[in-house]
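Colleague: I have not looked at this structure before. Could you take me through it, please?
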Amino acid sequence: MSIWLIGAGPMAALHAAVLDSMQVDVTVVATSATRAQPLAEKHSMRAYTHGLERALENLPLPDAAVVALPVDKLAAAAEKLAAAGVRKILLEKPGGLTSDELLLVLTAAKSTGSYVAIAYNRRFFASVIEARRRIAAAGNVLSVNFEFCEDAPRIAALPTPDRIKENWVLANSTHVIDLAFHLCGQPSEWTCDTKGSLSWHSRGADFRGFGQTVDGARFSYFADWRGPGRWGLEIILADERLILRPMEKLAIMARGSFETLPVEIDDTLDKKFKPGLYLQMKAFLSEEPDANLVTAEQQLNAINCIYNRIANY
């Protein structure tokens, strides 16, 4: 299988390590030779440093592409790849900064039959796989609470473009939101409230909501970016509470006990590579569609119906 890895930055490097271990034919497509050449040499890959548009003009199309560019450049690259007819595209989250951007990707993909998946790697954590197994064994989720607190001073100091910071819920916090509804069902009826602002995020700083999922689970969420906090997810089943805080680890509280106990998981791949990336790539490259991958169509619906409501976008 031939694959183009679009980009040569930190996220592209993490994908390159995974692809290297899978022994596939990879070309790093980028505009920076100083980044792309060393990355390609490290993993015995080729480098094409004249950019995506010229690659599409001059190189044979790959079987698949992995787009690992800055958030504000994701959609444009994916749209070009899909319009050219690249059969499979793994697009780093969130796929685009607005629903309009992602709609262009989806339109191009539908015109050529391209499959586009959005890379929410937390769905493939060993901890999440075990949580999913326990939820299936229990039969249903009773309730779930999740937090997507962000470290505001750290983000304010980042050299990240203002447009990305202004859409930070979509650009970053959706890792948590996506995972909560993936495990417990999509929201069916809910109330949300967003208040406050920050210098870099004008449309909200305090996010709260509650409701019910299509599977009957009650849910609530909370995030106050004005003070300290961290990401977390707690799921209540009939006989145990599942705790993902940090999300790379799983702990449980059994009925009749107040003790929180860690669950042993085989997280070898999550320690060798960026957590979730190996199994996500394996699912993407599989011939059979994997239900744990987010399709571009599902992501567009989530942006319009969930993320924009939560974030006040």
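Predicted model: local features only at pLDDT ≥ 70, side-chain atom pairs only at ≥ 80, totals over all residues.

Colleague: Which helix is Gln 280 found in?

Modeller: Gln 280 belongs to helix H11, which covers residues 277–285.

Colleague: And what does the side chain of Gln 280 reach?

Modeller: The side chain of Gln 280 reaches the backbone nitrogen of Asn 121, at 3.1 Å.

Colleague: Which residues is Gln 280 in contact with, leaving aside neighbours within four places in sequence?

Modeller: With those neighbours set aside, Gln 280 is in contact with His 15, Leu 90, Ala 119, Tyr 120, Asn 121, Phe 124 and Leu 293.

Colleague: Let us turn to the sheet. In what order do the seven strands come?

Modeller: The order is S3-S2-S1-S4-S5-S6-S15, in an open sheet with mixed pairing. Strand S3 (46–48) and strand S15 (294–295) are at the edges; each has a single partner strand, so one side of each lacks a neighbour in the sheet.

Colleague: How do S6 and S15 pair?

Modeller: Strand S6, residues 115–119, pairs with S15 in the antiparallel sense, over two bridges. Ala 117 stands opposite Thr 295 in S15.

Colleague: A change of topic: how many disulfides does the structure hold?

Modeller: The structure holds zero disulfides.

Colleague: What about Cys 192: how far is its sulfur from the closest cysteine sulfur?

Modeller: The distance is 12 Å, to the sulfur of Cys 305, which is again too far for a bond. Cys 192 counts as partly exposed, with 26% relative accessibility.

Colleague: Finally, the whole chain. How many helices and strands does the secondary structure come to?

Modeller: There are 12 helices and 15 strands in the chain. The radius of gyration is 20 Å, close to the 20 Å from the globule rule for 313 residues, so the chain is as compact as a globular protein of that length.

Colleague: What does the C-alpha trace span along its principal axes?

Modeller: The C-alpha trace spans about 65 × 40 × 35 Å. Of the 313 residues in the chain, 53% are buried.

Key
Residues numbered from 1 in each chain as written. Heavy atoms only, no water. Helix = DSSP H or I, 4+ residues; strand = E, 2+ residues; numbered from the N terminus. Polar contact = N/O pair within 3.5 Å; in protein donor to acceptor, adjacent residues only side chain to side chain. Contact = heavy atoms within 4.5 Å. Pairing = 2+ DSSP bridges. Disulfide = S-S within 2.5 Å. Buried < 20%, exposed > 50% of the residue type's maximum accessible area, 1.4 Å probe, protein only. Rg over C-alpha atoms; globule rule 2.2 N^0.38 Å.
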